[in-house]
Amino acid sequence: MRSCGDCRLCCKVFPLPLLAKPAGEWCRHVCAVGCAIHGPGKPDVCCQYDCYWREHDALSEAWCPDRIGIVVTEAGSVTVGYRLLPVVLFQEDCSVGVSLANGSFEPASEASLGDAVRGLLDHFVSRGVAVMIIHGLDARIEFDRARWPGISADDIEAALRYELSQDAEELKRLGAVGDEYRPLSRDEAEAACREERGS
Ligand code: SF4
Ligand code: SF4
(Lines give C-alpha, C1' and ligand atoms only; values in the text may rest on other atoms or scores of the structure.)
(Ligands and ions follow the chains in the order given, each with its own letter.)
Protein backbone atom coordinates (compact mmCIF):
# COMPACT_ATOMS: atom_id res chain seq x y z
CA MET A 1 0.00 0.00 0.00
CA ARG A 2 1.21 3.51 -0.83
CA SER A 3 1.63 6.34 1.62
CA CYS A 4 -0.37 9.53 1.19
CA GLY A 5 2.73 11.68 0.75
CA ASP A 6 1.67 15.32 0.60
CA CYS A 7 -1.90 14.48 -0.40
CA ARG A 8 -4.70 15.40 2.05
CA LEU A 9 -7.57 15.56 -0.43
CA CYS A 10 -9.97 13.14 1.29
CA CYS A 11 -9.87 15.56 4.26
CA LYS A 12 -11.39 18.19 1.97
CA VAL A 13 -13.78 16.62 -0.53
CA PHE A 14 -16.00 14.50 1.75
CA PRO A 15 -18.61 15.81 4.17
CA LEU A 16 -17.97 14.78 7.77
CA PRO A 17 -21.18 15.36 9.76
CA LEU A 18 -19.50 14.28 12.99
CA LEU A 19 -17.24 17.36 12.81
CA ALA A 20 -19.87 19.56 11.10
CA LYS A 21 -17.55 19.67 8.09
CA PRO A 22 -19.25 20.26 4.73
CA ALA A 23 -18.02 18.62 1.53
CA GLY A 24 -15.38 20.69 -0.24
CA GLU A 25 -14.03 22.45 2.86
CA TRP A 26 -10.80 21.52 4.58
CA CYS A 27 -11.15 19.72 7.87
CA ARG A 28 -9.91 21.92 10.72
CA HIS A 29 -7.68 19.07 11.89
CA VAL A 30 -5.54 18.86 8.74
CA CYS A 31 -1.92 19.63 9.54
CA ALA A 32 1.53 19.35 7.99
CA VAL A 33 1.88 15.68 8.83
CA GLY A 34 -1.69 14.73 7.86
CA CYS A 35 -4.19 14.65 10.69
CA ALA A 36 -3.63 16.45 14.00
CA ILE A 37 -5.86 14.00 15.88
CA HIS A 38 -4.08 10.94 17.16
CA GLY A 39 -5.57 8.07 19.10
CA PRO A 40 -9.19 7.51 20.06
CA GLY A 41 -10.48 10.99 19.17
CA LYS A 42 -10.00 10.39 15.45
CA PRO A 43 -13.33 9.69 13.70
CA ASP A 44 -13.78 6.00 12.84
CA VAL A 45 -14.69 6.87 9.28
CA CYS A 46 -11.27 8.51 8.82
CA CYS A 47 -9.44 5.54 10.35
CA GLN A 48 -11.29 3.06 8.16
CA TYR A 49 -11.37 4.98 4.89
CA ASP A 50 -10.02 2.97 1.95
CA CYS A 51 -8.65 5.26 -0.74
CA TYR A 52 -8.54 3.41 -4.05
CA TRP A 53 -5.37 5.14 -5.28
CA ARG A 54 -3.51 4.48 -2.03
CA GLU A 55 -4.55 0.81 -2.01
CA HIS A 56 -3.66 0.08 -5.63
CA ASP A 57 0.03 0.52 -6.36
CA ALA A 58 -0.58 -0.27 -10.02
CA LEU A 59 -2.45 3.01 -10.55
CA SER A 60 -0.38 5.75 -12.11
CA GLU A 61 1.33 8.35 -9.91
CA ALA A 62 -0.32 10.89 -12.22
CA TRP A 63 -3.66 9.87 -10.65
CA CYS A 64 -2.66 10.78 -7.12
CA PRO A 65 -5.81 12.48 -5.74
CA ASP A 66 -4.25 15.86 -5.07
CA ARG A 67 -2.64 16.00 -8.52
CA ILE A 68 -5.82 15.18 -10.37
CA GLY A 69 -8.47 16.62 -8.04
CA ILE A 70 -10.40 13.35 -7.71
CA VAL A 71 -10.65 10.91 -4.80
CA VAL A 72 -11.67 7.41 -5.91
CA THR A 73 -13.58 5.09 -3.56
CA GLU A 74 -14.66 1.52 -4.27
CA ALA A 75 -18.43 1.14 -3.75
CA GLY A 76 -18.77 -2.61 -4.18
CA SER A 77 -21.20 -4.05 -6.73
CA VAL A 78 -24.82 -3.16 -7.31
CA THR A 79 -27.56 -5.43 -8.63
CA VAL A 80 -29.29 -4.06 -11.72
CA GLY A 81 -31.65 -6.32 -13.63
CA TYR A 82 -30.13 -9.50 -12.15
CA ARG A 83 -26.63 -8.35 -13.12
CA LEU A 84 -23.90 -7.29 -10.76
CA LEU A 85 -22.05 -4.12 -11.72
CA PRO A 86 -18.92 -2.99 -9.91
CA VAL A 87 -19.05 0.72 -9.05
CA VAL A 88 -16.51 3.31 -7.95
CA LEU A 89 -17.16 6.85 -6.79
CA PHE A 90 -15.17 9.82 -8.09
CA GLN A 91 -15.43 12.63 -5.56
CA GLU A 92 -14.21 15.74 -7.36
CA ASP A 93 -12.44 18.68 -5.78
CA CYS A 94 -14.60 21.53 -7.06
CA SER A 95 -11.69 23.98 -6.95
CA VAL A 96 -9.86 22.08 -9.70
CA GLY A 97 -10.59 23.34 -13.21
CA VAL A 98 -11.36 19.99 -14.82
CA SER A 99 -14.74 18.41 -14.25
CA LEU A 100 -16.34 15.24 -15.51
CA ALA A 101 -19.64 15.77 -13.72
CA ASN A 102 -21.42 17.96 -16.25
CA GLY A 103 -20.76 15.64 -19.18
CA SER A 104 -18.08 17.76 -20.79
CA PHE A 105 -14.61 18.80 -19.87
CA GLU A 106 -14.23 22.38 -18.77
CA PRO A 107 -11.12 24.16 -20.01
CA ALA A 108 -8.25 22.86 -17.95
CA SER A 109 -5.51 25.09 -16.71
CA GLU A 110 -3.12 22.39 -17.93
CA ALA A 111 -3.92 20.17 -20.91
CA SER A 112 -2.10 17.29 -19.24
CA LEU A 113 -4.48 17.44 -16.30
CA GLY A 114 -7.45 16.94 -18.63
CA ASP A 115 -5.68 13.93 -20.17
CA ALA A 116 -5.04 12.43 -16.75
CA VAL A 117 -8.67 12.85 -15.69
CA ARG A 118 -9.85 11.26 -18.93
CA GLY A 119 -7.34 8.44 -18.49
CA LEU A 120 -8.56 7.71 -14.98
CA LEU A 121 -12.17 7.52 -16.15
CA ASP A 122 -11.22 5.26 -19.08
CA HIS A 123 -9.25 3.00 -16.75
CA PHE A 124 -12.45 2.03 -14.94
CA VAL A 125 -15.05 2.21 -17.72
CA SER A 126 -12.94 0.02 -20.05
CA ARG A 127 -12.90 -2.65 -17.32
CA GLY A 128 -16.69 -2.73 -17.01
CA VAL A 129 -16.78 -0.60 -13.86
CA ALA A 130 -19.51 2.04 -13.54
CA VAL A 131 -18.25 5.40 -12.25
CA MET A 132 -20.41 7.78 -10.26
CA ILE A 133 -18.88 11.23 -10.59
CA ILE A 134 -19.80 13.63 -7.80
CA HIS A 135 -19.10 17.35 -8.14
CA GLY A 136 -20.73 19.41 -5.41
CA LEU A 137 -24.45 18.70 -5.67
CA ASP A 138 -24.13 17.33 -9.23
CA ALA A 139 -23.61 13.67 -9.96
CA ARG A 140 -23.67 11.53 -13.04
CA ILE A 141 -22.83 7.95 -13.99
CA GLU A 142 -20.39 6.87 -16.71
CA PHE A 143 -20.30 3.24 -17.83
CA ASP A 144 -19.74 1.09 -20.90
CA ARG A 145 -23.19 0.90 -22.48
CA ALA A 146 -22.09 -1.72 -25.01
CA ARG A 147 -20.93 -4.04 -22.24
CA TRP A 148 -24.05 -3.43 -20.14
CA PRO A 149 -26.93 -3.24 -22.68
CA GLY A 150 -30.43 -2.45 -21.44
CA ILE A 151 -29.16 -0.68 -18.33
CA SER A 152 -29.48 3.07 -17.85
CA ALA A 153 -27.45 5.44 -15.70
CA ASP A 154 -30.60 6.04 -13.63
CA ASP A 155 -30.90 2.28 -12.95
CA ILE A 156 -27.34 2.22 -11.65
CA GLU A 157 -27.74 5.35 -9.54
CA ALA A 158 -30.97 4.10 -7.96
CA ALA A 159 -29.38 0.70 -7.21
CA LEU A 160 -26.37 2.43 -5.66
CA ARG A 161 -28.52 4.70 -3.50
CA TYR A 162 -30.55 1.70 -2.36
CA GLU A 163 -27.55 -0.48 -1.53
CA LEU A 164 -25.55 2.25 0.24
CA SER A 165 -28.58 3.12 2.36
CA GLN A 166 -28.85 -0.47 3.60
CA ASP A 167 -25.62 0.25 5.53
CA ALA A 168 -27.17 3.31 7.19
CA GLU A 169 -26.58 2.12 10.76
CA GLU A 170 -22.93 1.28 10.13
CA LEU A 171 -22.36 4.57 8.28
CA LYS A 172 -23.92 6.45 11.21
CA ARG A 173 -21.75 4.55 13.68
CA LEU A 174 -18.66 5.54 11.69
CA GLY A 175 -19.78 9.18 11.58
CA ALA A 176 -19.91 9.26 7.78
CA VAL A 177 -23.58 10.32 7.52
CA GLY A 178 -25.99 12.34 9.62
CA ASP A 179 -28.67 10.94 11.95
CA GLU A 180 -31.39 11.47 9.33
CA TYR A 181 -29.80 8.97 6.93
CA ARG A 182 -31.88 5.78 6.78
CA PRO A 183 -32.39 2.67 4.63
CA LEU A 184 -34.42 3.32 1.46
CA SER A 185 -36.74 0.95 -0.35
CA ARG A 186 -36.05 0.38 -4.05
CA ASP A 187 -39.02 2.63 -4.90
CA GLU A 188 -37.76 5.38 -2.64
CA ALA A 189 -34.28 5.18 -4.19
CA GLU A 190 -35.76 5.49 -7.68
CA ALA A 191 -38.02 8.37 -6.60
CA ALA A 192 -35.05 10.19 -5.04
CA CYS A 193 -33.16 9.97 -8.36
CA ARG A 194 -36.18 11.26 -10.28
CA GLU A 195 -36.72 14.10 -7.83
CA GLU A 196 -33.09 15.24 -8.09
CA ARG A 197 -33.41 15.33 -11.84
CA GLY A 198 -36.74 17.15 -11.66
CA SER A 199 -38.44 14.47 -13.77
S1 SF4 B 1 -7.10 10.98 -0.83
FE2 SF4 B 1 -6.02 9.03 -0.58
S3 SF4 B 1 -3.85 9.52 -0.92
FE4 SF4 B 1 -4.94 11.44 -0.53
S5 SF4 B 1 -4.77 11.79 1.69
FE6 SF4 B 1 -6.68 10.71 1.35
S7 SF4 B 1 -6.14 8.55 1.62
FE8 SF4 B 1 -4.24 9.65 1.29
S1 SF4 C 1 -10.26 14.22 11.33
FE2 SF4 C 1 -8.21 14.01 10.47
S3 SF4 C 1 -8.33 12.32 8.98
FE4 SF4 C 1 -10.43 13.00 9.45
S5 SF4 C 1 -10.93 14.51 7.86
FE6 SF4 C 1 -10.10 15.63 9.63
S7 SF4 C 1 -7.90 15.83 9.20
FE8 SF4 C 1 -8.70 14.23 7.86
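**Exercise 1. Into which classes do the residues of the shell around ligand 2 divide, and which residues surround this ligand?**

Solution. In this predicted model, the shell around ligand 2 divides into 8 nonpolar residues, 1 polar residue and 1 charged residue. To place these classes on the chain, take the residues that surround ligand 2, namely Cys11, Leu16, Cys27, His29, Val30, Cys35, Ile37, Lys42, Pro43 and Cys46. Under the classes used here, Lys counts as charged and Cys as nonpolar.

**Exercise 2. Describe the shell around ligand 1 by its residues and by class.**

Solution. Begin with the residues: ligand 1 is surrounded by Cys4, Cys7, Arg8, Leu9, Cys10, Cys51, Trp53, Arg54, Pro65 and Val71. Sorting this shell by class then gives 8 nonpolar and 2 charged residues, with no polar residue.

**Exercise 3. Work out how helices α6 and α8 are arranged, and which residues make their contact.**

Solution. First locate the helices, α6 at residues 153-165 and α8 at residues 186-197, whose axes come within 8 Å and cross at roughly 125°. The crossing of the two helices is right-handed. On the α6 side the contact is made by Asp154, Glu157, Ala158, Arg161, Tyr162 and Ser165, while α8 contributes Arg186, Ala189, Glu190, Ala192 and Cys193. By class, the residues of this contact divide into 5 nonpolar, 1 polar and 5 charged.

**Exercise 4. Find where along the chain pLDDT stays under 50, and which elements have the lowest and the highest mean pLDDT.**

Solution. Start with the whole chain, which averages a pLDDT of 87, with 90% of the residues scoring at least 70.

Notes:
Residues numbered from 1 in each chain as written. Chains lettered and ligands numbered in written order. Predicted model: local features only at pLDDT ≥ 70, side-chain atom pairs only at ≥ 80, totals over all residues. Near = placed C-beta within 6 Å. Axes fitted to C-alpha atoms, helices over the stretch in contact; angles between N-to-C directions. Helix = DSSP H or I, 4+ residues; strand = E, 2+ residues; numbered from the N terminus. Left-handed = near helix turned anticlockwise from the far one by under 90°. Contact = placed C-beta atoms within 7 Å. pLDDT = per-residue confidence, 0-100.
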